[in-house]
Amino acid sequence: MCMRSQVTYAIVDGHLIQPDYMEPGKTLSERRWQSSFSEEGYLDIARVLRRIQRGGVHSNIKGEVWEFLLGCYDPKSTFNERTQLREKRRLEYEKVKSKCQEMEKRVGSGRIVVAPIITEDGQPIVNPSSNGANSGEEVKSNEVDSSIPENRNDSINLDKEVIQWKLTLHQIDRSLLYYESSENQARLWDVLAVYSWIDRDIGYCQGMSDLCSPIILLIENEADAFWCFERLMRRVRGNFKCTSNTIGVWAQLTLLSSVIKILDPKLHEHIVNLDGGEYLFAFRMLMVLFRREFSFVDALYLWELIWSMEYNPHLFTIYEANASPNRNQDKSQNEDLMKYGKFERKCLKSGQKDQQANMSIFLVASILKAKNKRLLLEAKGLDDLVKMLNGITGELDAKKACNEALKLHVKYLNKLSKTSDLDRTLDYSTLVIYIKKHRDEGNGEKLFSIR
Amino acid sequence: MAHRVDHEYDYLFKIVLIGDSGVGKSNILSRFTRNEFSLDSKSTIGVEFATKTLQIEAKTVKAQIWDTAGQERYRAITSAYYRGAVGALLVYDITKKQTFDNVQRWLRELRDHADSNIVIMMAGNKSDLTHLRAVSENDGQEFAEKEGLSFLETSALESHNVEKAFQTVLTEIYHIINKKALAAQEAARNSGPPGQGTTIHVVDSSDAGSSKSSCCSS
């Protein structure tokens, strides 16, 4: 189990160097990737998925492959069409970025905001900590500067959305483990600042930088990186969506709870007895896709495995139409199922309609399964549980975890189909109670219209 | 919080670390429990956790400290972790006025979700950054007195007052528990035979160590 953490890897000049655990013959190589395109540029996605699901993507091509996995581009498009789309998106990004620049000069300047710049009622804050020097806990690069005072007249007409946006700018996480360059930092900050402006329903939420920073490293062009991150956020933004007393990821935690209850009733009962029935201990895993539980390079490997297994060939079209993936309608008749990832294929075959079901839930299940004995024997309180699960960093093997997750998913689907109608009704009623509870609090609709 | 019998300690106290994001909560925790400090620690997602065992008046006390995410939107989650906490370290950053202004909000949060007897210590962190100070020690002190909180300025970076802050909270909790134990004894003596509707846990002072008490609420 510990093999991965001993693997050597390196990031040189801001570039990721192929870790040597990648197995030739299993990993999607650059050559195989190139040869998977037709002359016009159509991509044989089934062939590519087969490889990625077996051994990930070579680091030279991770960025461009991720763009497809995350639905930025349609495999059924030509090189030309994609070039045009890319150009169009770059312009679009520049436009939004300029708008952000108008509101806050530091966007796009190579400098970042490190301290609050505005109060909740819209008054600019001139920070005494502006020069940042020696503050230690604040500043790592001499490019950082928050000393430019805002023009006071600007604040008078600031509307709520702008204030809300400005309020979070300094919270953008600046720690970029493994690659510290002020240029990358500023790019990351810009992308997150712009994202939190275009997705104002959510804004900036801590954890987003965990999701964004690998993309900044892999995709050199900032606009391209932005859109790739934006597509990633479409998958997970529901988790970040908040109301005054709940947060979107709750829906996933609820599903996790019912999955474990079905797969491992004994462990579920133990967890409930430890007062952990809300499964909050899995919060971080679901929010930042195991970024903190796996080493940096392993997390990238894990992500591409997840996305290839969850791949749906209609992603691009769905996102372009600004719709949410829907398992009820997206498979046309006689469609080649090999164009779907293993996980998604299973969902379709079994007729599982639950839009919340994803690999992450079953990955948590696989981690719990691996720890099952220890948890049952040694966890005597919620603190032990959190401690055991927070302490797994570096212990996990991405591929094993994914394979185990797929197995558990199949097991879950089988058990579900065997469950009597009565039981299913019971499970359904718990969900209804849950939805009602939130609806009563005025959050139901919002919470469940996320995806 | 689960009561448990364990021979490693006499008491187990749950403490929550709260305050705005970026004030240094995680570094206070790592300084206290592992004597470590990181200049670029990552933001806490949800909740993290550490323990440290220390001596308080000849008793072994295990402090179980829950470090929570500071960003406003995570409060829906973190408040769930207040359950069972007997102490709180409420942290602000002396170089950022706003984090001090928000202390009031965090107190409300505690009142809404935590035990009403919770012992609160307010800590003005980053006291090493004197040239960037935006909140005077006096303002901190005054506010603490008004709200009935203990108060210290701390520096996780320089390891200043961190240990003392925890020690103070834990000692105060210990005293409250002792007092409760005595009061309970007293009550038991005066209330005659049981069965009047109130449950009283009697702890003999000579045997306090075996009570493994972990909570100061009744």
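Residues are numbered from 1 along each chain as its sequence is written, and chains are lettered from A and ligands numbered from 1 in the order in which they are written. Because the model is predicted, local features need pLDDT of at least 70 and side-chain atom pairs count only at pLDDT 80 or more, while totals for chains, interfaces and linings use all residues; side-chain values use heavy atoms, with hydrogens and water left out.

Helix H7 (residues 182–198) of chain A packs on helix H9 (residues 222–240) of chain A. Helices here are DSSP runs (H or I, at least four residues), numbered from the N terminus. The axes of H7(A) and H9(A) are 10 Å apart, at an angle of about 50°. Axes are lines fitted to C-alpha atoms over the stretch in contact, and angles run from 0 to 180 degrees between N-to-C directions. H7(A) and H9(A) are therefore oblique to each other. Angles under 35 degrees count as roughly parallel, over 145 as roughly antiparallel, 65 to 115 as roughly perpendicular and the rest as oblique. The crossing of H7(A) with H9(A) is right-handed, meaning that the near helix is turned clockwise from the far one by less than a right angle. From H7(A), the residues in contact (heavy atoms within 4.5 Å) include Arg187(A), Asp190(A) and Tyr195(A). Their partners in H9(A) include Glu222(A), Glu230(A) and Arg237(A). The contact of H7(A) with H9(A) has eight nonpolar, no polar and five charged residues. In this scheme Ala, Val, Leu, Ile, Met, Phe, Trp, Tyr, Cys and Pro are nonpolar, Asp, Glu, Lys and Arg are charged, and the others, Gly among them, are polar.

Helix H9(A) also packs on H8(A), with axes that come within 10 Å and cross at roughly 155°. The two helices are therefore roughly antiparallel. This crossing too is right-handed. H8(A) contributes Met208(A), Leu211(A), Cys212(A), Ile215(A) and Ile216(A), while residues of H9(A) include Phe229(A), Met233(A) and Phe240(A). By class, this contact has 12 nonpolar, no polar and no charged residues.

Across the whole structure, 30 salt bridges are found over all chains. A salt bridge is a side-chain nitrogen of Lys or Arg within 4 Å of a carboxyl oxygen of Asp or Glu. One of them joins Arg237(A) to Asp199(A), at 2.9 Å from N to O. Arg237(A) lies in H9 and Asp199(A) in the loop between H7 and helix H8 (208–218), so the pair ties together parts that are 38 residues apart in sequence.

Helix H10 (residues 249–263) of chain A packs on helix H16 (residues 359–370) of chain A at about 45°, with axes 10 Å apart. H10(A) is therefore oblique to H16(A). The crossing is right-handed. Gln252(A) and Leu256(A) are among the H10(A) residues in contact, and Phe362(A) and Leu368(A) among those of H16(A). The contact of H10(A) with H16(A) has 10 nonpolar, one polar and no charged residues.

Between the chains, the contact takes 54 residues from chain A and 38 residues from chain B. Chain A and chain B bury about 3,800 Å², 53% of it on carbon and sulfur atoms. Buried area is the accessible area (1.4 Å probe) that two parts lose on being put together, summed over both. Three salt bridges link chain A and chain B. Arg284(A) forms a salt bridge with Glu48(B), with the closest N and O atoms 2.8 Å apart.
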